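Morning, everyone. I'll take a few minutes on one structure. Have it open while I talk.

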Amino acid sequence: MIEELQAEAEALLAAGEYEHALAAFSVLREVRARREGPYSTKYLSNLHDCVRCMSQLQLWMDANYLCSELHGKYVRTHGRGEADTVDVAKHWAWALVNLHDYPPAIRLYLMTADALWDVDPAQAQRLLGAAVIHRHDTDPLAILTPGVIDGVGLHHADEERTVISRLVAELADTDRASRSSATIDGFAIA
C-alpha cells in the first residue's frame, strides 16, 4: 500500500497537481517517520517533496517550518554543499523572502554560497546576487565580516565580500527592476 501511495504521489507531482501531491506526500512522511524514523532516506525524500509542493503552492509559513527541519537534517547527513541541501536552502530562503524575513534569508544565501564556492562558482555567485537583491536594511558585508555565520566558519568570506561589493556597485549604477529576474534561486543579477 505504501509503495502504491508513493507512486501516486510522484505521478501527482509530475502532473503539477501540487495540492493532491502535498496531501499524499504528507501522509507518506508521517507513516515513514513512525515506521522508519525521521532520518530515513525515504522520510527525508518525502519531506523534500512536501517542500517542493509548498513552494509551488506559495505556502511560505509551512515551507519555512519544513525547510528548517529538512535543512538541518541534510546538513548533518549530507553536508552544506550537497545538491539536496542546496535545493532545500534555496526553497527555505525563498520562503523567508516571501515572508519578508530578510536577515535569515541572507545568512542562508551566504552560507550556501560559501559551501558551493569551489564546486559550483556560478551558482555561488547567483546566491550572492540574491543576498544583495534582498538585503533591504541588512548589510551582507557586515554579516560576512567575522567570517562566521550562525556558528559556521566560512572558507571564502574574502572572495564573497569582493563579489558582493561588485554587485552592490553594479546595482547602484542600474535600475534594480531591470537587472533582476525572480527564480527559485532567488534573484539573479543579469
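Start at the loop between α5 (83–98) and α6 (102–116), where you'll find His 100. This is a predicted model, so keep that in mind throughout. Now, what is the phi of His 100? Positive, about 60 degrees, although His 100 is not a glycine. For background, most residues other than glycine have a negative phi. Is His 100 buried or exposed? Exposed: its relative accessible area is 58%, and the cut-off is over 50%.

There is a second case. Asp 150 is not a glycine either, and its phi is positive at about 50 degrees. Look for Asp 150 in the loop between β1 (148–149) and β2 (152–153). Asp 150 has a relative accessibility of 56%, so it counts as exposed.

Gly 37 also has a positive phi, near 100 degrees. Gly 37 comes after α2, which takes us to that helix.

Helix α2 covers residues 18–35.

Next, which residues of α2 are buried? Ala 21, Leu 22, Ala 24, Phe 25, Leu 28, Arg 29 and Arg 32. Note the two arginines in that list, Arg 29 and Arg 32. Look down the axis of α2: the buried residues fall within an arc of 165 degrees, so they line one face of the helix. The general rule is that an α-helix has 3.6 residues a turn, so residues three or four places apart point the same way. The face of α2 turned away from the buried side has Glu 19, His 20 and Arg 34, which are exposed. The cover over the buried residues of α2 includes α1, α3 and α4.

Two of those helices pack on each other. Helix α3 (residues 41–57) meets helix α4 (residues 60–77) at an angle of about 145 degrees, and their axes are 9 Å apart. The crossing of α3 and α4 is left-handed. On the α3 side, the contact residues include Leu 44, Leu 47, Val 51 and Met 54. On the α4 side, they include Trp 60, Leu 66, Leu 70 and Tyr 74. By type, the contact divides into twelve nonpolar, three polar and three charged residues.

Last, α1. Glu 4 is in helix α1 (residues 2–14). Glu 4 counts as exposed, at 60% relative accessibility.

How values were computed:
Residues numbered from 1 in each chain as written. Predicted model: local features only at pLDDT ≥ 70, side-chain atom pairs only at ≥ 80, totals over all residues. Heavy atoms only, no water. Axes fitted to C-alpha atoms, helices over the stretch in contact; angles between N-to-C directions. Helix = DSSP H or I, 4+ residues; strand = E, 2+ residues; numbered from the N terminus. Left-handed = near helix turned anticlockwise from the far one by under 90°. Contact = heavy atoms within 4.5 Å. Nonpolar A, V, L, I, M, F, W, Y, C, P; charged D, E, K, R; others polar. Buried < 20%, exposed > 50% of the residue type's maximum accessible area, 1.4 Å probe, protein only. Expected span 1.5 Å × (residues − 1). Arc of directions from axis to C-beta.
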